[in-house]
Each structure stands twice: as structure tokens, then as C-alpha cells.
Amino acid sequence: MQSVSLSTDKPLDPDKFFPWIQQLVAEEGPKILRCKGILSFKDDPDRFVMQGVHMILDGDHQRPWNADEKRVSRMIFIGRELPMDLIEKGFEDCVA
């Protein structure tokens with residue numbers, strides 16, 4: 001069992017993030033027991049909350065970011081034999 005935790009204070013590009021996460025779960029889904037995150041997308045005033053189990057993902061806008069709240073995107077993946085380098089690089093490549 002292992003986990004990888006990711007975070008960035010730079011906004012993510014949704015046009016990069018969604019294709020990346022969909023491809024990741026399509027290829028590595030059986031290894032991913034759980035994933036979840038709170039994401040900050042560029043030009044989006046709302047927090048995006050997502051979660052997943054194996055190859056099933058779900059997400060939606062939750063609420064606006066508070067004025068005093070630091071906009072940090074955070075994700076965690078829990079699984080077995082996770083391709084940690086691939087996950088870390090893919091997340092970094094989604095920065096706007």
C-alpha cells in the first residue's frame with residue numbers, strides 16, 4: 001500500500017487536467033484504490049472537489065474560494081504499485 005500527495009499554489013489548467021486524470025485512471029485505475037482532491041482552476045472562482053475509486057471519478061464545483069483562503073490545489077492517490085513519478089509529473093504538467 002502506498003500513497004502520493006500532490007499540491008501546488010499555482011492554478012491548474014482544466015483543459016490539461018481533465019484529459020490527464022481521465023487517461024491516468026483509464027490506464028492505472030486498477031492500481032488506484034482511492035483518490036481525492038480540492039482543486040483551483042485558472043479563471044474559476046469556485047473550488048472544484050473530486051474523488052475517485054479505481055476507474056470511477058466524480059467531481060463538481062463546491063463553493064467559491066473565500067477572500068482570505070489560499071488557493072492551493074491538493075490531491076492524494078492511495079493504491080498499490082502506483083506509478084508515482086508519472087502521477088507527479090502529470091500533475092505538474094497541468095499547471096496553467
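Reader: Which residue forms a salt bridge with Glu 28?
Author: Glu 28 pairs with Lys 31, and their closest N and O atoms lie 3.2 Å apart. A salt bridge here is a side-chain nitrogen of Lys or Arg within 4 Å of a carboxyl oxygen of Asp or Glu. This is a predicted model, in which local features need pLDDT of at least 70 and side-chain atom pairs count only at pLDDT 80 or more, while totals for chains, interfaces and linings use all residues. Residues are numbered from 1 along each chain as its sequence is written, and side-chain values use heavy atoms, with hydrogens and water left out.

Reader: Is Glu 28 buried or exposed?
Author: Glu 28 counts as buried, because its relative accessibility is 14%. Buried means under 20% relative accessible area, exposed means over 50%, and partly exposed lies in between, for a 1.4 Å probe and protein chains only. Lys 31, at 32%, is partly exposed.

Reader: How many salt bridges does the structure hold?
Author: The structure holds five. In one of them, the side chains of Glu 69 and Arg 47 meet at 2.9 Å, N to O. Glu 69 lies in the loop between β4 (56-64) and β5, whereas Arg 47 is in strand β3, so this pair ties together parts that are 22 residues apart in sequence. Helices (H or I, at least four residues) and strands (E, at least two) are DSSP runs, numbered from the N terminus. Arg 47 is buried, with a relative accessible area of 10%. Salt bridges that share partners join Arg 47, Arg 63 and Glu 69 into one network.

Reader: Changing topic, in what order do the elements run?
Author: From the N terminus on, the order is β-α-β-β-β-β-α. The radius of gyration of the chain is 13 Å, close to the 12 Å that the globule rule gives for 96 residues, so the chain is as compact as a globular protein of that length. This radius is taken over C-alpha atoms, and the rule is 2.2 Å times the number of residues to the power 0.38.

Reader: Which residues of helix α2 are buried?
Author: In α2 (residues 84-92), the buried residues are Ile 87, Gly 90 and Phe 91. They lie on the same side of α2, because they cover an arc of only 95° around the axis. The arc is that of the directions from the helix axis to the C-beta atoms. Asp 85 and Glu 92 are exposed on the other side.

Reader: What covers the buried residues?
Author: The cover includes β1 (2-8), α1 (14-28), β2 (32-39) and β5 (73-79). Contact means heavy atoms within 4.5 Å.

Reader: Which members of the largest nonpolar core touch the most others?
Author: Of its 21 residues, Phe 17, Trp 20, Leu 39, Met 75 and Phe 77 do. The elements that give two or more residues to this core are β1, α1, β2, β3 (46-53), β5 and α2. With five residues, α1 gives the most. Such a core is a set of buried Ala, Val, Leu, Ile, Met, Phe, Trp, Tyr and Cys residues joined through side-chain atoms within 4.5 Å. Phe 77 touches residues including Trp 20, Leu 24 and Ile 87.

Reader: How do β3 and β4 pair?
Author: They pair in the antiparallel sense over seven bridges. Strands count as paired if DSSP finds at least two bridges between them.

Terms used: Lists of a residue's contacts leave out its neighbours within four places in sequence.
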